Amino acid sequence: MQLIKDGAIIADEWTALADEDALPATGPVIVSLDRFKLEQNLLLARKDKLGIRLKSGEAPEQIKDFLDRLALVALEFPAYRNGRAFSYAYLLRERYGFKGELRAVGAVLRDQFNYLARVGFDAYEVRDNITPEIFKLSVSAFEHDYQPSADSKPAVLSLRQRRLAAQKAT
Amino acid sequence: MYRYDEFDQQLVNERVAQFRDQVTRRLAGELSEDEFKMSRLMNGVYLQLHSYMLRIAIPYGTLSSRQVHKLADITRKYDKGYGHFTTRQNLQLNWPALKDIPDLLAELASVEMHCIQTSGNCIRNTTSDHHAGAAPDELEDPRVICEVIRQWSTFHPEFSFLPRKFKIAVSATEHDRAAIRVHDIGIQIVKNAAGEIGYEVWAGGGLGRTPIIGKKVGDFVPREDLLAFLESVLRVYNMFGRRDNLYKSRIKILVHEVGADEIRRQVAAEFKEVKARGTLQLPEEEVARIRKYFAPPEFETLSDDVPEINAAAAKDKGFADWLKSNISAHKQPGYTIVNISLKPVGLTPGDCSADQMDVVADIAEKYAFSEIRVAHEQNLCLAHVRRKDLYEVYTALKAADLGTPNIGLITDQIACPGLDYCNLANARSIAIAQRLSERFQDIEFQQKIGRLHLNTSGCINACGHHHVGHIGILGVDKKGVEYYQVTLGGAADETAAIGDIVGPAFTEGEIVDAIDTIVKIYLDLRQGDEIFIDTYRRVGVQPFKDKLYAAH
Amino acid sequence: MAQHSRKGAQFQAVTANRLLDGIVVYLTKNDDWSESLQDAEVAEGKEAADALLARGALFFEPKNLVIDVYLFEVEQTDAGIRASSVREIIRQAGPTVRKDLGKQAELDGVHA
């Protein structure tokens with residue numbers, strides 16, 4: 001596995017801690033929601049960055065009060081047909097205003113990157129055969145989108161309204 | 001009808017390119033079948049018994065003559081010269097080669113058509129009333145909002161990997177011809193006391209293994225909020241719908257398990273948030289832009305009274321029969337709706353040859369403003385025909401074997417492809433439908449029976465809508481042998497009901513006689529001008545049970 | 001989905017659909033795929049059937065020529081190989097409601 005962030009392959013600075021792993025003294029760690037609940041004070045007291053990993057079924061509402069203390073939220077895709085985390089991502093970005101890294105982990109396919117990027121993911125754990133070129137091809141498959149989402153692209157609706165306004169102006 | 005602007009066209013073109021790349025990667029072995037399956041299903045490509053199958057989207061069942069001519073060409077060039085119209089108002093090709101599908105899609109794109117989201121766990125083709133724009137009691141043309149929904153749901157980033165498929169239907173008349181109560185979401189267009197148009201939203205209906213009638217979740221959603229409301233329902237479903245069991249993953253199970261009141265509460269809470277955000281508010285300019293495409297054609301001022309039609313009917317019995325069943329009332333005087341039956345005796349319900357497609361397209365061009373509709377009952381329809389042209393239209397249709405006078409009668413059957421084509425099927429359904437149409441082919445007997453919906457499915461997935469047939473037939477497999485179970489009393493309209501199982505299943509050899517017996521029992525019991533479903537609702541299942549199984 | 005083989009089926013053959021065009025094919029003795037059931041290799045007993053299926057599966061992965069490879073029950077008669085279930089009879093012949101289409105219109109040796 002490798003990490004693509006903002007379209008490039010980068011070294012992963014984060015340590016994904018299993019629940020039984022000892023908490024390292026320093027360095028950014030990603031913990032499960034269960035562990036976060038158990039060791040919340042300890043984890044928040046550390047100086048280094050903290051990330052939480054949510055399983056499918058663990059709605060982000062449970063961590064919304066801590067989002068300003070989190071630098072990363074990882075959302076699990078247990079199977080590529082399981083699209084629950086698309087809603088989680090959208091809510092984290094659009095409703096709870098999460099600005100940190102939103103990382104897709106688990107079963108995602110290259111033909112899903114465009115959907116993932118649109119709901120607000122900016123980092124992806126991917127198979128080793130995914131290159132930045134492939135990633136770019138996937139996310140740029142469609143220039144415009146019909147509906148607004150968590151990306152910054154204007155939806156077709158807004159583009160049509162702009163065109164209409166321009167027509168009126170001339 | 002709606003025409004693509006540059007954004008619509010670009011998106012469809014980009015989809016063709018994307019799918020071409022996916023097919024190339026699949027054939028080169030870079031993409032495993034398992035990975036490819038998700039992509040091909042999002043584009044309507046299935047693997048069936050004999051070959052691949054391609055499902056072409058026909059948004060809300062509306063086509064132009066130009067599009068129908070193109071479909072005819074495509075079936076000749078890439079398939080075996082025919083297609084199958086489905087209960088989602090789509091068209092299926094039974095024999096396309098995977099390697100040809102990208103070229104086929106490019107041809108479709110050239111007439112503003114596609115196969116996007118005709119399969120997969122996403123929002124499917126939104127269906128509607130095939131009489132849209134012509135029905136006398138319609139509150140507004142439902143296709144305007146269908147097109148709004150089509151665009152919103154196309155490649156929706158959040159709702160393309162739902163727990164299961166998701167079907168939406170819209171009706172703008174009180175009499176529901178779109179079966180909205182057996183959809184994941186059904187939308188009934190309504191008017192309030194102040195005369196404003198709004199949308200009543202039903203959720204959690206569906207057929208399949210667990211047939212359920214939908215529950216009302218929104219009483220009067222204003223137009224500007226409709227997308228926000230739909231997004232709220234979909235988000236609740238995507239977050240909380242079950243993913244542990246394929247058979248329990250439709251929204252109907254969520255609504256059923258959580259309860260309608262709790263779903264209403266969750267949707268209302270979500271709707272409040274979505275609405276407050278405001279990004280999904282539907283601008284009136286956009287509605288107006290789309291509405292322009294559905295403006296009524298330029299009707300002539302005509303009278304409903306056309307003596308020459310009566311004269312022709314007096315001379316031509318076939319025409320007289322056809323007028324009795326295949327014509328529906330139109331809102332404009334002097335015009336009528338022509339329903340074209342795709343249920344000739346002994347052939348496949350919903351099948352249409354390339355030559356027939358060309359004939360229908362030509363007739364539509366000459367007599368019906370170049371517009372063709374697909375009905376969810378697997379028929380076609382010309383929405384605006386001058387009454388005075390009816391005999392010419394009938395004659396032209398009849399010459400192409402499209403003049404069967406049986407709309408709404410017992411031989412106007414819905415049947416899924418069944419085991420003759422489908423990989424999921426347990427038993428044949430077309431073959432049964434054919435034998436039933438042969439048994440009941442006497443048109444006068446059909447007219448005597450009156451309106452009766454006879455629907456057949458070849459497996460529990462219920463693509464043949466057997467649960468909502470007045471009489472339903474379900475094919476089952478017992479150790480490699482076909483058996484048929486009968487349900488009675490189903491209905492798909494505003495009185496929607498799920499049929500009751502009448503008793504043990506019949507063999508392939510017995511099923512036609514069993515249906516014959518049911519019809520005879522009904523004719524014996526019927527009072528006045530009751531149709532089958534009225535009689536059934538009055539007397540219940542018992543009289544049918546008694547006689548049907550007494551003979552055994 | 002309808003049943004392919006009864007438990008304890010004596011004779012079985014391997015079928016699949018061709019990747020390029022989806023057409024129904026059968027695994028032959030020479031490790032080819034034929035459109036005709038009459039060319040199929042028939043395995044007797046479970047062990048032979050499993051071995052036949054394993055050979056067929058190689059053409060799915062890694063060879064990438066066919067998809068949906070599986071065993072189904074057949075009978076051996078004087079007139080040739082016969083599929084046992086309605087489903088497999090239809091697959092080797094074509095739709096029963098369109099006799100002009102599919103293998104029944106193109107090949108010798110199909111059966112009803």
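Reader: How many salt bridges does the rule find across the interface of chain C and chain B?

Author: This is a predicted model, in which local features need pLDDT of at least 70, side-chain atom pairs count only at pLDDT 80 or more, and totals for chains, interfaces and linings use all residues. Residues are numbered from 1 along each chain as its sequence is written, chains are lettered from A and ligands numbered from 1 in the order in which they are written, and side-chain values use heavy atoms, with hydrogens and water left out. A salt bridge requires a side-chain nitrogen of Lys or Arg within 4 Å of a carboxyl oxygen of Asp or Glu. By that rule, the number across the interface of chain C and chain B is one.

Reader: Which side chains meet in a salt bridge at 3.7 Å, N to O?

Author: The interface of chain C and chain B holds one salt bridge under the rule. At 3.7 Å from N to O, the side chains that meet are those of B:K80 and C:E106.

Reader: Which element supplies the largest share of the side of chain C that touches chain B?

Author: Between chain C and chain B, ten residue pairs are in polar contact, both residues being at pLDDT 80 or more; such a contact is a pair of N or O atoms within 3.5 Å, where within protein one must be able to donate a hydrogen and the other to accept it, and residues adjacent in sequence count only if both atoms are side-chain atoms. On the chain C side, β1 (11–18), β5 (66–77) and α2 (86–93) each supply at least two residues; helices (H or I, at least four residues) and strands (E, at least two) are DSSP runs, numbered from the N terminus. The largest share of that side, four residues, comes from α2(C).

Reader: What area is buried between chain C and chain B?

Author: In this interface, 29 residues of chain C are in contact (heavy atoms within 4.5 Å) with 36 residues of chain B. Buried area is the accessible area (1.4 Å probe) that two parts lose on being put together, summed over both. Carbon and sulfur atoms give 59% of the area here, which is about 2,600 Å².

Reader: How many salt bridges does the rule find across the interface of chain B and chain A?

Author: Here 50 residues of chain B are in contact with 37 residues of chain A, and the two chains bury about 4,000 Å² between them, 52% of it on carbon and sulfur atoms. One of the salt bridges joins the side chains of B:D21 and A:R110 (3.9 Å, N to O). For the interface of chain B and chain A, the rule finds twelve.

Reader: Which element gives the most to the side of chain B that touches chain A?

Author: This interface has 25 residue pairs in polar contact, both residues at pLDDT 80 or more. Elements of chain B that give two or more residues to this side include α1 (6–27), α5 (142–153) and α8 (260–277). With eleven residues, the element that gives the most is α1(B).

Reader: With which side chain does the side chain of B:N339 make a polar contact?

Author: B:N339 lies in strand β12 (residues 335–340) of chain B. Because its relative accessible area is 5%, B:N339 counts as buried, a class that means under 20%. Not counting residues up to four places away in sequence, B:N339 touches several residues, among them B:H130, B:W322 and B:C381. The polar contact of its side chain, at 2.9 Å, is with the side chain of B:S328.

Definitions and conventions
Buried means under 20% relative accessible area, exposed over 50%, partly exposed in between (1.4 Å probe, protein chains only).
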